[in-house]
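User: I would like to go through this structure by question and answer. Please keep it brisk.

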Amino acid sequence: MADRPPVMTIALLSGAALGYEILLIRLFSIIQWHHFAYMIISLALLGYGASGTFLAVTQQRFLRHYPRTLLLNLALFALSTLPCFLLAQRIHFNPEEMLWKWQEALRLAMIYLLLSLPFFFAANSIALTLARYRSTITRVYAADLIGAGAGSLAVLLLLYLLPPLQALSALSAAAIACLIFAAVELRLQRQLWIAAGALLLIAAAVWFGMNARLVLSPYKALSQALRVDGAHIVNQRYSPLALVEVVENAIIPPRYAPGMSLNSPAGPPQQLGLYADGNSLGAITRDSGKPETLQFLDQLTSALPYHLQQQDPVLVVGAGGGMDVLQAVYEHARQVDAVELNPQVTNLLGHDYADFTGGLYQRPGVRLHTAEARGFISSRETKYGLIQLSLQDSAGAASAGLYALSENYLYTTEALTEYLQHLRPGGYLAITQWIKLPPRDTLKLFVTAIDALRASGVDQPGTRLMLIRGWQTSTLLVRKGAFTAGEIRAMQLFCRARAFDVAWYPGIGATDVNHYNRLREPYFYLGARALLGPDRQVFLDDYKFNLQPATDDQPYFHNFFKWSTLREILHLRDRGGLPLLETGYPVIVATLVQATVLSLVLILLPLAATKRAERDDSGAVTRLRVVAYFAGIGLAFLFLEIALIQKFMRFLHHPVFTAAVILASFLLFAGLGSFRSRRYSTLGNQRAGVLRAISGIVLTGVAYLLLLDHLFSWLSAWPAVARMLVSSLLIAPLAFFMGAPFPLALSSLGKQAADMMPLAWGVNGCASVLSAVLATLLAIHFGFVTVVVLALMLYSLSALAFPVKSA
């Protein structure tokens with residue numbers, strides 16, 4: 001066996017493991033929802049932590065047979081990636097029932113354990129290699145991090161070439177190739193036999209992946225649509241952004257006209273359902289050139305601004321299936337800019353279904369832009385007559401509260417302020433949302449608009465707000481300037497003809513509301529009046545749901561959950577109380593509880609039961625200092641990583657892109673930092689290296705807090721590739737410093753207290769498991785700035801607890 005560590009094997013293995021993590025985020029966005037991304041990161045770390053505990057008992061035995069043990073764990077990792085996911089997706093988990101059905105918690109735990117298993121085998125391989133080659137720990141650790149960073153970028157490329165499940169099959173094949181690399185690097189006998197076996201396994205993985213199918217949650221919009229007789233998928237596009245699918249049904253055609261007046265003389269024409277990751281993006285509507293077939297567009301609450309004055313130019317944010325653009329054209333808008341983030345959707349509408357839509361995006365005055373909304377707006381000098389945001393969320397997921405953990409920078413106070421700055425005098429910002437009862441989204445948007453107007457210097461925001469509602473949707477208008485008496489009369493005529501209710505306009509009275517879609521009380525009007533009144537804070541504190549305006553530091557617009565309401569909701573669950581529950585937040589709390597329990601059971605309790613000396617012969621190392629140091633840097637590293645992933649969502653706009661770029665940058669530059677730090681190990685001066693690294697972390701972190709928001713605003717209009725490169729360069733200095741504290745301390749332990757290395761690995765893994773979920777909860781409650789500050793404090797305290805005093 002060679003004396004040189006198998007760094008290429010470790011790099012490829014780490015790349016496959018991180019690629020697997022990114023792919024799981026992508027796959028769970030499709031079969032479940034985006035907020036499971038934080039669970040994926042946590043369960044990956046659970047596998048790594050459990051590995052440390054396992055090796056605390058078995059390390060010496062396995063090290064005696066290192067080549068064989070390495071090959072075994074490499075093979076188990078490769079062979080478990082695809083089957084574990086396929087089994088996990090067959091577990092019918094319903095997050096909405098988790099708080100009162102213990103079976104759902106058990107199902108979540110089963111998913112957790114299944115998906116952490118491949119990471120357990122990968123971690124065994126890495127940890128054993130670190131223990132086997134103690135004198136070159138920094139080199140092996142650098143290969144681990146650099147390989148992981150490269151893998152998280154490579155998987156983005158893979159997702160452009162293959163559908164997600166087939167990409168997972170290809171990644172399994174790459175993991176199997178680790179066996180060949182290991183045989184060569186370790187100069188093992190029977191290399192040809194190992195290579196032949198690996199090639200057979202690669203062929204099997206590819207075949208298996210090609211014949212497997214994704215199983216979507218039955219509660220997703222696409223699953224519901226495909227249950228209808230005659231429904232079938234007629235077009236599919238894939239990329240890291242989304243799995244986009246078009247559904248046709250000739251027997252029972254889709255009928256997408258959200259909130260259409262019950263007085264409408266006609267319904268929509270032929271439509272095709274449009275879905276991204278199983279969530280509805282609305283419908284692609286046929287335009288045969290006959291205006292009478294599109295009159296339903298004038299019967300939606302979103303048509304209100306077109307009846308108040310001529311709207312030119314119009315900006316449609318989130319064009320999706322094109323209905324809002326078609327509505328603007330139908331209402332005689334002469335110039336329309338349509339912005340859509342996903343290029344797959346724009347290609348479908350602009351090419352595949354151009355004839356079906358009557359050449360919507362080829363018409364004079366209509367321009368389609370593939371861009372992120374806020375970046376597009378900030379880069380424009382155009383002043384718009386109307387900026388339209390309509391139903392940006394899937395109705396089903398919104399009603400279930402499943403967007404509670406999704407960062408949404410379209411509805412923050414800063415976003416609305418920016419929209420208002422790009423309106424011409426007298427122009428409108430129009431936002432249409434699904435109605436939920438009791439009111440949540442609509443009132444939260446209303447109070448956010450109030451704050452945006454006040455931030456723009458408006459002393460009487462009530463004079464610039466207008467709110468109407470139908471039976472399914474509401475539309476809020478924010479005017480640049482006070483509404484005129486003529487506009488108010490036009491709004492009243494519009495609502496009366498369509499049986500829409502008025503909830504707010506300047507000068508509204510109690511007798512003007514709740515006429516058509518009658519509620520027990522005029523909740524929307526009462527809420528709007530309270531939010532504009534002097535007792536606003538009392539109303540917000542007493543309200544059953546969280547209506548505090550979202551900000552760029554806490555961009556969780558759809559988080560309405562309040563602990564004070566939970567008991568009442570659970571009491572009412574058998575009497576129709578389920579719609580009151582916002583399930584996204586409780587799911588992540590339950591995930592934290594399960595992560596804590598599993599970490600204790602799989603990591604800390606076995607370590608505690610393993611008898612170890614309290615200190616080494618010199619008295620320089622204690623278990624307490626080992627636990628304090630490695631727990632501290634484990635929490636701090638993931639706090640920074642998760643907070644910056646969430647923060648960079650504002651800049652990169654998509655969870656998979658953001659996670660891949662930020663993780664890759666962290667790991668790549670942390671690997672370089674680890675490699676650079678080996679000079680401190682060579683000199684036996686690890687403590688000095690850690691102190692310098694943590695000083696760099698704190699200074700860089702403070703600079704981020706002061707500068708990032710300004711940089712994002714300045715650079716947000718740059719092309720996606722440029723923004724990804726800038727993001728990587730911004731992460732580089734912080735990650736470089738963060739790469740040193742772990743390997744330097746581990747190197748010290750390897751020289752002075754080698755038996756405590758599994759303890760360090762396990763404690764660090766346990767802290768990392770908890771921090772991945774805890775960071776998200778802290779960000780929801782206190783904001784990203786608080787999470788970053790806590791991380792910097794933890795790093796500073798960890799420096800004081802460096803476990804090897806004499807190093």
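Analyst: Helices (H or I, at least four residues) and strands (E, at least two) are DSSP runs, numbered from the N terminus. This is a predicted model, where local features need pLDDT of at least 70, side-chain atom pairs count only at pLDDT 80 or more, and totals for chains, interfaces and linings use all residues. Residues are numbered from 1 along each chain as its sequence is written, and side-chain values use heavy atoms, with hydrogens and water left out.

User: In which loop is Ala-499 found?

Analyst: Ala-499 is not a glycine, yet it has a positive phi of about 60 degrees. In general, most residues other than glycine have a negative phi. Ala-499 sits in the loop between helix 15 (485-498) and strand 12 (501-504).

User: Does His-332 count as buried or exposed?

Analyst: His-332 is in the loop between helix 9 (323-330) and strand 6 (336-340). Its phi is positive, about 75 degrees, although His-332 is not a glycine. Buried means under 20% relative accessible area, exposed over 50%, and partly exposed in between (1.4 Å probe, protein chains only). At 60% relative accessibility, His-332 counts as exposed.

User: What is the omega of the peptide bond from Leu-437 to Pro-438?

Analyst: Pro-438 lies in the loop between strand 9 and helix 14. Most peptide bonds are trans. The bond from Leu-437 to Pro-438 is cis, with omega near -10 degrees.

User: Which side chain does a polar contact of 3.1 Å join to that of Thr-285?

Analyst: Thr-285 belongs to strand 4 (residues 279-285) and counts as buried, at 3% relative accessibility. Contact means heavy atoms within 4.5 Å; leaving out residues up to four places away in sequence, Thr-285 touches residues including Leu-294, Phe-296 and Phe-356. A polar contact is a pair of N or O atoms within 3.5 Å; within protein, one must be able to donate a hydrogen and the other to accept it, and residues adjacent in sequence count only if both atoms are side-chain atoms. The 3.1 Å partner of the Thr-285 side chain is that of Gln-271.

User: Why is helix 13 largely enclosed by the rest of the structure?

Analyst: Helix 13 spans residues 413-421. Its buried residues include Leu-416, Glu-418 and Tyr-419. Among the elements that cover them are strand 8 (384-390), helix 14 (441-455) and helix 20 (623-652). Helix 13 is largely enclosed because the number of its 9 residues that are buried is 7.
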